[in-house]
Amino acid sequence: MNWRKLRIFLLTALILCLIPITRYHQIDLPLLRFLRGSRHVDPLSLHLSGEFVENNLGTEQNADGSVTVRMIALQYMFVPHCILVPAGVPVHLRITSADAVHSLTFNGTGDAVKVLPGTISEAQLQFPRAGEYTAVCREFCGAGHYAMRSELKVVSREQFPALRPEERGNCVAQ
Ligand code: CUA
């Protein structure tokens, strides 16, 4: 065996050893997440840990005055059922699906956000005036598709309260 072949053999052996080592040290999943990007999310553990746990859903106010809305689409509802946002400020929507492919739209606006399991869909929205919108699923997602809807209430900036974590997912505070 010449040196060149030996080098290639050792390098291949080293790489093959590294694969089980990443598993042993439990860095394979974080590594995979890093390579896939931060938009990846596990649809089976949304309620257990991470960004989409229950008291993180709904509207959260950011330091710059904009708001972030987190939602989950699942057969056959949007969670939360009702979300409250202020008028005239940027709304950063972050939504993912627990099962099938859905599409979140707001009646009376042209906004449509495709929602897929395993990934976080993002959209920048803004609602100029106070009012009520119905959020409707526009992607056929199964037997209950036609009943899949929730509500969006837009209130004026002055009326919009700073929501506590337990109030973020409902329209009670206003
Ligand atoms: Cu969800 Cu149609």
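The model is predicted. Phe140 lies in a loop and is exposed, whereas Ser66, in another loop, is buried. Three aromatic pairs are present in the structure.

**Aromatic pairs**

- Among the three aromatic pairs is that of Phe127 and Tyr133, whose ring centres are 5.2 Å apart; with the planes at 50 degrees, the pair is therefore tilted.
- Phe127 and Tyr133 are both buried.
- The rings of Phe140 and Tyr146 also form a pair, with centres 6.2 Å apart and planes at 50 degrees, so this pair is likewise classed as tilted.
- Phe106, Phe127 and Tyr133 are joined into a cluster through ring pairs.

- Phe140 counts as exposed because its relative accessibility is 56%, over the 50% cut-off.
- Tyr146, its ring partner, has a relative accessibility of 63% and so is exposed as well.
- Beyond neighbours within four places in sequence, Phe140 contacts Val101, His145 and Tyr146.
- The C-alpha atoms of Phe140 and Ser103 are 8.5 Å apart, although 37 residues separate the two in sequence.

- Ser66 belongs to the loop between strand 1 (58–61) and strand 2 (67–74).
- Ser66 counts as buried because its relative accessibility is 3%, under the 20% cut-off.
- A polar contact of 2.6 Å connects the side chains of Ser66 and Asp64.
- Apart from neighbours within four places in sequence, Ser66 is in contact with Glu60, Gln61, Val89, Pro90 and His92.

Methods
Residues numbered from 1 in each chain as written. Predicted model: local features only at pLDDT ≥ 70, side-chain atom pairs only at ≥ 80, totals over all residues. Heavy atoms only, no water. Helix = DSSP H or I, 4+ residues; strand = E, 2+ residues; numbered from the N terminus. Buried < 20%, exposed > 50% of the residue type's maximum accessible area, 1.4 Å probe, protein only. Contact = heavy atoms within 4.5 Å. Polar contact = N/O pair within 3.5 Å; in protein donor to acceptor, adjacent residues only side chain to side chain. Phe/Tyr/Trp six-rings, centres within 6.5 Å; stacked < 30°, edge-to-face > 60°.
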